[in-house]
Amino acid sequence: MNPSPSLLCEHPFLKGMSEPFIHKLSAIATHLSFKAQSYLFVEGQKADKFFLLQKGLVALETYFPERGILVIQTVGIGHVVGWSWICPPFLWHFSARVIDPVDAFVFDATCLRQMMEEDPSFGYEIIKRIIPLMLERLQATRLQFLDIYGPPS
Amino acid sequence: MDHLPDFPENPFIPKPFVIEEKKRESPSVFSLYLRPIDQLPFYFLPGQFNMLSAIGGGEAAISIASDPTNPHILIHTLRIVGNVTKALSKLDKNDFVLVRGPYGRGWPIDLVKRKTLILVAGGIGLPPLLPLLYIAQKNKGYFKNLILLYGARTKDDLLFMPLLYKLKAEQIITLHVSVDRPSRDWKGQFGTVTALIPSISFDNKETFVFSCGPEIMMRFMARAFIQKNLPKEHIFFSMERNMKCAIGICGHCQLSPFFICKDGPVFPYEKIEHLLTVEEL
């Protein structure tokens, strides 16, 4: 069942978005729950979904030869999971494993991409909201790379 | 020397304390539980520091990690990083430690009474914030809400976790913990502590942030809170520099117009923001 627009607009990612846009999104959204240890998506597979987390914790992970599965980052409540659907070749770059049970709004990314193409003002609104999150993740990754808690040189 | 503060005694003469207990907190971090030989209570403000030395081993500035409502036991938590902390790490129960202090300006605790206080600690930055947790434990309701965002390099580097889980269970704090380096047995959040900020919600007018940790972490932390519309003047840092005299004379800890030992170590972010990106300061 599609989540109601009033429920959707409560999510931090969609806060303040205009009513017509929220209605558009509502038409391609479902409300799903995921158990701990299940996967939202798997690296290398087709990136055809877009997740807004309402509850729970998700680990983004990858396979590192000889070291096994490694967690790159965790993403929690109020966050977006997955943006590989925006850019070709539309394949997931990482796997997303559920750590704490998740409730999420799940969008059909192929439809969403098409809607963004057809209505650039809608597309711009989505991109405007995604870019700060990308920046936030980039900064977080940079800080992680700096090993800020490491022993002083 | 007209700028020398008016001390009742010679500020360079330390007091002897005896080690009542020594605790290993992580592979490179340990705590010393100290009792004054003269049995006099040792009063301090949360966020202040002492100059500590093993006899003949030099002095180092170490923040106070004990309960300010119990002036009979002084706790210092140290990471072994140099000669002084190495010398202190070799001491054991019943050995003597020399203490000068307390020094510096602490956290502005009156400002945050009945307000939401977010503590952001990174690595060894947790101990200077511990006195605030003890205040919350002893005076329920002192803070409207107390949120601790705590990050460390690995799971094994997380300090005082039994205490933090206890405070969480007693609903004294809301706890968010993150580690920077993956390990298979860690089931919580990954990433630096700043990555925890976007997920928390707060009332901007009634919320204050106190932070201690690597300077770069605090810089990015402040930007993340400002991005969430928290006023700059609600953010406070505890700064660290190489302190020697601890009373604002020698200049070793100078940060442009400030002496960290005397004007800090706690500063409003607003006051030092422009200095944080200046090279070699």
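Me: How many residues does the largest nonpolar core have?
Reply: This is a predicted model, where local features need pLDDT of at least 70, side-chain atom pairs count only at pLDDT 80 or more, and totals for chains, interfaces and linings use all residues. A nonpolar core is a set of buried Ala, Val, Leu, Ile, Met, Phe, Trp, Tyr and Cys residues joined through C-beta atoms within 7 Å. Buried means 20 or more other C-beta atoms within 10 Å of a residue's own, exposed 12 or fewer, and partly exposed anything in between, with C-beta atoms placed from the backbone. Val58(A), Leu119(B) and Phe236(B) are among the residues with the most contacts inside the largest core, and its total is 120 residues.

Me: Which strand gives the largest share of this core?
Reply: Residues count from 1 along each chain as its sequence is written, while chains are lettered from A and ligands numbered from 1 in the order written. Helices (H or I, at least four residues) and strands (E, at least two) are DSSP runs, numbered from the N terminus. With eight residues, the biggest contributor is strand E3 (residues 49-64) of chain A.

Me: Which element gives the most to the side of domain 1 of chain B that touches domain 2?
Reply: Across the boundary, 21 residues of domain 1 are in contact with 19 of domain 2, where contact means C-beta atoms, placed from the backbone, within 7 Å. E1, E3, E4, E5 and E6 of chain B each give two or more residues to the domain 1 side. The top contributor, with three residues, is E6(B).

Me: What is the strand order in the six-stranded open sheet of chain B?
Reply: Two strands pair if DSSP finds at least two bridges between them; E1 (residues 15-26) and E2 (residues 29-36) of chain B pair over eight bridges, with Glu21(B) opposite Tyr33(B). The pairing in the sheet is antiparallel, and the order is E4-E3-E6-E1-E2-E5.

Me: Which strands sit at the edges of that sheet?
Reply: An edge strand pairs on one side only. In this sheet of chain B, the edge strands are E4 (59-63) and E5 (74-79).

Me: Which element gives the most to the side of chain B that touches chain A?
Reply: Here 22 residues of chain B are in contact with 22 residues of chain A. Strand E8 (145-152), strand E10 (189-190) and helix H4 (215-227) of chain B each give two or more residues to that side. The biggest giver, with three residues, is H4(B).

Terms used:
Two residues are in contact if their C-beta atoms, placed from the backbone, lie within 7 Å.
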